[in-house]
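We will walk from one stop to the next, with a short note on what to look for at each.

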Amino acid sequence: MDILFAASEIAPIVKVGGLADVVSSLSKALRLLGHKVTIALPRYRALDSSGLMMARRLTPMPLEVDPQVSPGGPIQVTLLDGRLSTGVELIVLDVPGFHDRPGIYGEEGRDYEDNARRFSLFSRAVVELVRQRARTGSPFDIVHAHDWPTAMVAYLLRHQQPPMPGRSVLTLHNVAHQGLFPKDTLPYLGLDSDHFRPDRLEFYGQLNFLKGGILAADALTTVSTTYANEILTPKQGERLDGVLRTRTNQLTGIVNGIDYAVWNPMTDPAIIARYDAEDVSNKGRCKSALLQEIGLEIRPDRPLLVSIGRVVAQKGSDLLANAMPKILKGDVSVVVAGEGDPELMEKLTAAAAKAPERAKFLGGVSEAVVHRLMAAADLVLVPSRFEPCGLVQLYAQRYGAAPVACRTGGLVDTIVDLDAALETGTGFLFDKPTATSLLGGVQRALAALTSPRWPAVQRRIMRLDLGWDRPARRYVQVYRQTLAS
């Protein structure tokens with residue numbers, strides 16, 4: 001098949017979260033299965049400084065827009081062609097004045113005020129790209145949009161006249177982020193006020209990009225089986241549960257994977273010593289090196305607990321801050337990395353400061369440091385209140401660290417709770433998103449680390465099949481079913 005990804009992020013060049021990893025890794029896995037994959041991205045400043053070779057097309061792509069949007073006539077979109085090392089094609093769309101800035105969605109915790117215009121025009125440009133390909137006689141078979149920034153691609157394709165060839169798939173990476181904007185966004189999308197209705201884009205007085213994509217896409221996927229069921233409920237559906245229930249037959253949950261070329265302790269260039277499931281002895285060297293790097297007491301025999309991710313309420317950062325004083329009463333080291341809510345970052349900093357020789361809040365860190373944290377960790381804490389899939393627990397398992405996670409979403413699908421005898425299971429689940437439950441999970445995990453059976457548990461965790469091959473084949477099934485329907 002000839003597949004177009006429409007996305008707002010790609011790892012490691014422009015990344016906010018797991019969406020970027022999925023776009024990069026899934027496109028690669030589909031390519032390895034023999035499909036042609038092209039990724040359409042906005043032209044961010046980071047792409048120009050990434051070293052990626054791109055060729056500018058000499059002829060710009062005119063984007064017909066409402067005169068109130070562009071009084072000077074069509075917007076001339078510049079296209080640049082590139083190719084990733086994985087063989088995946090890249091088309092970078094330069095909508096003048098809208099993406100040449102430091103951030104993707106915003107800076108310093110605040111969204112850009114013109115995000116409605118930025119992603120409306122980008123979606124229009126992707127649709128025009130699809131139209132041009134169709135005119136050449138070799139249309140894309142599948143247009144796969146990812147999350148709210150490109151959800152309107154599916155909507156615009158559905159409402160084109162004449163209809164476009166090919167089918168659209170929308171992946172919901174996190175329905176908490178929907179792209180809510182004022183009604184006056186419609187002209188940037190090239191749509192009239194007839195689309196601002198409850199059965200289309202209107203959503204509690206605003207325009208909802210994600211709702212439009214959910215209603216229009218030929219198929220919907222989300223990033224775990226449990227989350228696919230959770231978003232059909234008022235508790236987890238973020239007010240879109242009713243809309244999603246109308247598309248239940250088109251919704252498929254597919255658990256994310258990880259790229260073994262990037263996440264592999266046997267070949268990882270970011271860590272000081274390599275290891276694998278058959279011999280994990282060098283994990284202790286990785287721990288000592290990491291503790292020295294960040295300035296904590298070097299005690300490789302002391303359990304190291306790590307938490308990595310956005311510092312926000314969804315990820316349970318407040319639960320961790322509240323539980324840390326009691327966790328640190330034991331003989332453990334704790335390292336937290338991530339950035340986000342300033343108030344929660346202050347709480348984590350203060351909690352770590354009470355045991356400066358054993359605990360540290362690092363703030364935002366590079367990808368290389370994330371790899372070293374995984375290689376050093378004994379336990380990785382994932383106290384998310386909700387989690388569509390989560391990748392941190394998969395990275396942890398790959399690097400021989402047991403995840404300690406709240407029983408929700410994709411964490412349920414990727415972690416089997418260890419039994420008391422440690423004979424089955426791949427991590428530790430606790431039932432409620434509270435500091436007390438998190439503490440209980442940590443205490444249970446710390447007790448397990450002292451068992452003579454722990455090395456066998458560690459080997460079992462590291463041998464899990466966490467790669468992208470199986471999920472990619474599931475996506476191919478969705479594509480084929482969509483084309484046949």
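Which helix does K28 lie in? Select residues 18-32: this is helix α1, and K28 lies within that stretch. Helices here are DSSP runs of H or I with at least four residues, strands are runs of E with at least two, and both are numbered from the N terminus.

Before going on, a word about what is on screen: this is a predicted model, in which local features need pLDDT of at least 70 and side-chain atom pairs count only at pLDDT 80 or more, while totals for chains, interfaces and linings use all residues. Residues are numbered from 1 along each chain as its sequence is written, and side-chain values use heavy atoms, with hydrogens and water left out.

**Stop 1: K28 and D259**

Stay on K28 and show its surroundings. K28 has a relative accessible area of 19% and is therefore buried. Buried means under 20% relative accessible area, exposed means over 50%, and partly exposed is in between, using a 1.4 Å probe and protein chains only. Leaving aside residues up to four places away in sequence, K28 touches T86, V88, D259 and A261; contact means heavy atoms within 4.5 Å.

The side chains of D259 and K28 form a salt bridge, at 3.2 Å from N to O. Because D259 sits in the loop between β15 (251-253) and α9 while K28 is in helix α1, the pair ties together parts that are 231 residues apart in sequence. D259 and K28 are both buried. A salt bridge here is a side-chain nitrogen of Lys or Arg within 4 Å of a carboxyl oxygen of Asp or Glu. The structure holds 34 of them.

**Stop 2: the open sheet**

In what order do the strands of the open sheet of 6 strands run? Colour them as you go: β18-β17-β16-β19-β20-β21, with parallel pairing. The edge strands are β18 and β21 (428-430), each pairing on one side only. Neighbouring strands of this sheet are turned by 20° against each other on average, direction ignored. Axes are lines fitted to C-alpha atoms, for helices over the stretch in contact, and angles run from 0 to 180 degrees between N-to-C directions. Two strands pair if DSSP finds at least two bridges between them.

Select β17, residues 333-337. All 5 of the 5 residues of β17 are buried, so this strand is largely enclosed by the rest of the structure. S333, V335 and A337 point one way, and V334 and V336 the other way.

Look to either side of β17. Strand β16 (residues 304-308) runs parallel to β17, joined by 5 bridges, and V306 stands opposite V335. β18 also runs parallel to β17, joined by 4 bridges, with K360 as the bridge partner of V335. On β18 itself (residues 359-363), A359, F361 and G363 make up the covered face, and K360 and L362 the uncovered one.

**Stop 3**

Show helix α10 (residues 317-327), which makes a right-handed β-α-β unit with β16 and β17. Helix α11 (residues 342-353) does likewise with β17 and β18. Right-handed means that, with the strands pointing away from the viewer, the path from the first strand over the helix to the second runs clockwise.

Next, select helix α9 (residues 283-294), which lies across β16, β17 and β18 and runs at about 65° to β16. Helix α12 (residues 367-376) packs on the sheet too, touching β16, β17, β18 and β19 (379-382), and its direction makes about 145° with that of β16.

**Stop 4: two salt bridges to finish**

Select R302 and E297, whose side chains meet in a salt bridge at 3.6 Å, N to O. R302 counts as buried at 5% relative accessibility, whereas E297 is partly exposed at 35%.

Finally, select K315 and E387: the closest N and O atoms of this salt bridge are 2.9 Å apart. K315 lies in the loop between β16 and α10 and E387 in the loop between β19 and α13 (392-398), so the pair ties together parts that are 72 residues apart in sequence. E387 is buried, with a relative accessible area of 6%.
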